[in-house]
Amino acid sequence: MPIYNPPLRDMQFVLHELLQVCTDYQAIAAYADVDADTINAVLEQAGKFATEVAFPLNISGDTEGCTLDRDTHEVRTPQGFKQAYARYVEGGWPALSGDPAYGGQGLPLTVNQCLYEMLNSANQAWTMYPGLTHGAYAALSAHGTEAQKATYLHKMTSGEWTGTMCLTEPHCGTDLGLMRTKAEPQADGSYRLSGSKIFISAGEHDMAANIIHLVLARLPDAPPGIKGVSLFIVPKYHVNADGSLGARNGIYCAGLEHKMGIHGNATAQIMLDGAYGTLVGQPNKGMNAMFVMMNAARLGVGNQSLGLTEVAYQNALAYAKDRIQMRSLSGAKAKDQSADPIIVHPDVRKMLLTAKAYAEGARAVSIFCGVLLDKVHHHPDEAVRRDSDEMLSLLTPIVKAFFTDNGWAATSACLQVFGGHGYIKEWGMEQFVRDARINLIYEGTNTIQSLDLLGRKILGNNGATLKKFGQLVTDFIKQAGTDAAMIEFLQPLIELSQQMTPLTTEIGMKGFQNPDEVGAAAVDYLRITGHWVFAYFWARMAQLALQRIAQGSTDPFYTAKLQTARFYFARLLPETASLLRTARAGAAALMDTEAALV
Ligand SMILES: Cc1cc2nc3c(=O)[nH]c(=O)nc-3n(C[C@H](O)[C@H](O)[C@H](O)COP(=O)(O)OP(=O)(O)OC[C@H]3O[C@@H](n4cnc5c(N)ncnc54)[C@H](O)[C@@H]3O)c2cc1C
């Protein structure tokens, strides 16, 4: 059976030593009372819930999957999921970072993010049921009317009702402008929606009393394309004026997908048959509101891969210490045994350290983004809110795509540590790999993330936000550069930093001549930028570890951090040398290929 230990020490390191989040929170009235002890105590309990309640259902949920009753259109989730969710609600976990005005506990979103990292490690499929509700909550809270907020947000905060996002249709995934679902206005101001959606995560289940679907659809007079898409709330059950549940609404699950991973999560085909809905935000401006949910979900998907990388790493490490095979090349290490544990072999160590470096790098970036999100929502200074939003929007596609590409590579490497046993179901490793695969696809494929980063977020504003991130890096290099012990980390960071502007300008110039040049470079470009961000955070973590050791700390945590930083700079960051060449290789080798792609 797989193991999982919540990485509380590393979370505390990032939260309180690296980023000192409570100092930031002192400037935010809503969080001024939040101290390190409170955060640590909450995360300790969260870790208990993840390990004791969600984790034991991971393999059984994967094996059993969800079942649809075609007569009632009801979905039964795997055994134990419903009870675990009831305990989650009872424990107040859905409300952790909710607005107190709607019954929330008002803790920072960063704390919720750490909770979700642990839940994702424990059971990604289960975690998606409560997880999607946060994005739906955010979209409604930003764009809903007061009446909509009053009707839905209390119950979504408490977790009594869950949320979904219904965008995809059979002929329209990436290109939402092709959407066909229709919304007919009614005399009472409501709408009747008809059409079919596919691939809707948590689209039907037995865990909550009501499901609040956020559905994209077209009004009769809508302009064609993405500018004619509006957003609607479509509840599974009507909600009476007193908040009680009314009749069943015309939105049904017509089928469940049989898929590669996340079997415990119901991926539903959804049929809308004259379903009652109310408009969220302005007509034809549905994407504005939906983007609030999509951005939250993109950070959430990155967090899913962080969670899977961590749990896969922990299991691979335990196995590598235990499994004996062959002798170390440099002479027997476990002389009392017939062979050495495989952890003595350099390549096994490389696989383990790859996962560790990707997990810890991602945790630092993820918590940094959590604090940005907290500032966007609550900081009193408008300029801080604006700057934080800008930085978060730059980092969001990196979190989504870089974390999930790394998560796929890392879970696969951790499976490889088990040799043939990794491929066998009982060890649980193949499930981590299968579950991790979807993260590269949904919430906008990683290719789409790369186009968003390079096309919209960087070239679209002449690199202004990228320069702001570059300024953070430059300031750090200046401050840390006086320490000779930091040279090994700063030198590669400086070299990569010097490449960012010329690379961006070169692709931008080529893109003016031929837009396919941007598409040809974007995926490699995102990976380079992801490494740049990781290198900055790994250098900061190395600096802190060096300082603690110099101050006399004998805590092996800091030595481990330093060694992992060295591994990252020596073995993972150099991938950028090859990526810098491929990002510059141009579109011709891809596009002038009519004969090759017949
Ligand atoms: C398990 C699962 C859960 C899901 N959950 C949800 C959900 O809750 N709600 C929801 O609405 N949707 C959901 N989805 C749908 C998911 O978001 C889409 O599958 C995804 O956005 C891709 O759309 P598509 O599958 O139609 O692929 P397509 O859009 O057909 O893309 C096919 C390929 O072409 C590439 N491509 C397309 N356009 C471009 C371009 N302009 N440039 C470069 N490459 C391009 C894509 O990157 C991809 O590799 C889910 C999907 C799955 C499998």
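Predicted model: local features only at pLDDT ≥ 70, side-chain atom pairs only at ≥ 80, totals over all residues.
Residues are numbered from 1 along each chain as its sequence is written, and side-chain values use heavy atoms, with hydrogens and water left out.

Around the ligand there are 19 residues, each having a heavy atom within 4 Å of it, and Thr168, Thr174, Phe199, Ser201 and Thr445 are the closest. The side chain of threonine 168 has an N or O atom 2.7 Å from a nitrogen atom of the ligand, and a polar backbone atom of methionine 165 is 2.8 Å from a nitrogen atom of the ligand. At least two residues of this shell come from each of β3 (161-166), β5 (191-201) and α13 (446-458), where helices (H or I, at least four residues) and strands (E, at least two) are DSSP runs numbered from the N terminus.

Away from the ligand, the reader can turn to the charged side chains. Side chains of opposite charge can pair when their charged atoms come close. The whole structure holds 32 salt bridges, each a side-chain nitrogen of Lys or Arg within 4 Å of a carboxyl oxygen of Asp or Glu. In one of them the side chains of lysine 375 and aspartate 24 meet at 3.5 Å, N to O. Because lysine 375 lies in helix α9 (residues 346-378) and aspartate 24 in helix α2 (residues 21-26), this pair ties together parts that are 351 residues apart in sequence. Lysine 375 is buried, with a relative accessible area of 17%, whereas aspartate 24 is partly exposed at 27%; buried means under 20%, exposed over 50%, and partly exposed in between (1.4 Å probe, protein chains only).

Another salt bridge joins the side chains of arginine 327 and aspartate 340 at 2.8 Å, N to O. Arginine 327 is partly exposed, with a relative accessible area of 31%, while aspartate 340 is buried at 0%.

How values were computed:
Polar contact = N/O pair within 3.5 Å; in protein donor to acceptor, adjacent residues only side chain to side chain.
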